[in-house]
Amino acid sequence: MEIVTSKDICILCREVLRLIDKRVIDHGSRTAYIMYRMLQCSEKYEDFELAEFALFSMIHDIGAYKVEKTSEILKFDVTETLPHSIYGSLFMKYVSPMEPLSKILMYHHVDYSKLADVNYEHKDVANFLNFASFLDIYNHSMGDRFDYNRMRSYLGKKFSSRCFELFDLAEARYDIFSHLKTEEWRDELDSFYDDIMFSDEEKDKFIDMLMYISGFRVEYNVVDTVTTTCVATEIANRLGSLSTEEYSALYYASLLHDVGMLTVPLEIIDAPRKLTPEEFNTIRQHVSVTETLLRGRVHDNVTNIAVSHHERCDGSGYPKKISNVEMNMPMMILQVADTVTGLTCIRKFREPKSKDAVISILTDEVNHNRYHHGVVMAFINNYDSIMEIVQKRSNEVMGNWKKLNSQYEVVKKSLVK
Ligand SMILES: [Fe+2]
Ligand SMILES: [Fe+2]
Ligand SMILES: [Fe+2]
């Protein structure tokens, strides 16, 4: 059972980032299109390598999601370019499967003339990316008033002569400007991703990367996701009744089930009060956002489990109000794991519940037939050992996250000096 194709990994990365802020990733996508055509004209790379550079270029400003205020988005690419370059580079290094390319981001706003002493195999690509990104920002914002030839005043200084050679070739062969104008570039870029090839291990790392991306907005999303995934798979391990395919569908569904929460405003997520009915409604929408994002892109078994995590065995859940006759075991496991996460994780205005409280809430709910009895018992009977594993795994993941963030501060300080 293939959970997700390599191409759909690219599309998922794009769509998840679009949920947070589409301006950055749309700029990235156009830049990716320009980069692909330029690198293609260099005749140095195989199609799958070009596709990988395109994906990398699409997310080249990923650091901006963390370090920039949303109101000032895209200013980072013109004025203060250092913070997002550093953060993006470290993000790629620590939590993506594209570590060998990560330094490109460190240099993607450095003038070509300053790269002379830099010894890095992809420094030319870094300068092409600088060029493509710059070209897109001005071309996109100025429209017909943009005069490409004025960029030539930067030749040899900001941009290498090779940038212009490759772009001029690409423009002559592929009509870049007119394709950008007519939006034809979108389908072309999608078709480039047909050639991308990731191993299962790399795909897993990309899915983990999506989890870290959700932490850009709210840090505890990362811990929540790890907790849910860990509780779900540990319950499955104790039950021992899932097939290999069910187990893997449960695993990926747990990692992806709440990705739609990225569209819920922070004022609602962190509200220090009771939510209004409208606000509850907004929160409930996250399931359909998750469905739109996953359906047709990951295996249906995964999507079906993910979108059922707020359903309840007695039909009192949402959005479809299905009952246990329409549920499979992985769905009922994820429902419990998600609830355990909500009860035990830290929130801005709410303390985590004690073990006794969690057990008493779950017991009460199971007596009302809201959860699967066997699933809840598998959790309650192994509470300590499961929560110990959860703790260990969250520490690992948060350790990575903290390392990334503290290194960012160190590098930024040293470079600012
Ligand atoms: Fe940038
Ligand atoms: Fe950029
Ligand atoms: Fe949810």
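**View 1. Separation of domain 1 and domain 2 in the predicted model.** The C-alpha centres of domain 1 and domain 2 are 36 Å apart in this predicted model. The division of the chain places residues 6–199 in domain 1 and residues 218–403 in domain 2. To the contact between them, domain 1 contributes 11 residues and domain 2 likewise contributes 11 residues.

**View 2. The interface of domain 1 and domain 2.** Interface size is often expressed as the accessible area lost when the parts come together. Here, domain 1 and domain 2 bury about 1000 Å² between them, and 76% of this area lies on carbon and sulfur atoms. On the domain 1 side, the residues that lose the most area to domain 2 are Leu12, Leu19 and Tyr94; together they account for 49% of what that side buries.

**View 3. The crossing of helix 2 and helix 8.** Helix 2 spans residues 22–41 and helix 8 spans residues 161–174. Their axes come within 8 Å and cross at roughly 100 degrees. Because angles of 65 to 115 degrees count as roughly perpendicular, helix 2 and helix 8 are therefore roughly perpendicular to each other.

**View 4. Residues in the contact of helix 2 with helix 8.** Helix 2 takes part through Tyr33, Ile34, Arg37, Met38, Gln40 and Cys41. From helix 8, the contact is made by Cys163, Leu166, Phe167, Leu169, Ala170, Arg173 and Tyr174. Sorted by class, the contact of helix 2 with helix 8 comprises 10 nonpolar residues, one polar residue and two charged residues.

Methods
Residues numbered from 1 in each chain as written. Chains lettered and ligands numbered in written order. Predicted model: local features only at pLDDT ≥ 70, side-chain atom pairs only at ≥ 80, totals over all residues. Heavy atoms only, no water. Axes fitted to C-alpha atoms, helices over the stretch in contact; angles between N-to-C directions. Helix = DSSP H or I, 4+ residues; strand = E, 2+ residues; numbered from the N terminus. Parallel < 35°, antiparallel > 145°, perpendicular 65-115°, else oblique. Contact = heavy atoms within 4.5 Å. Nonpolar A, V, L, I, M, F, W, Y, C, P; charged D, E, K, R; others polar. Domains from an automatic or database assignment. Buried area = accessible area lost by both parts, 1.4 Å probe.
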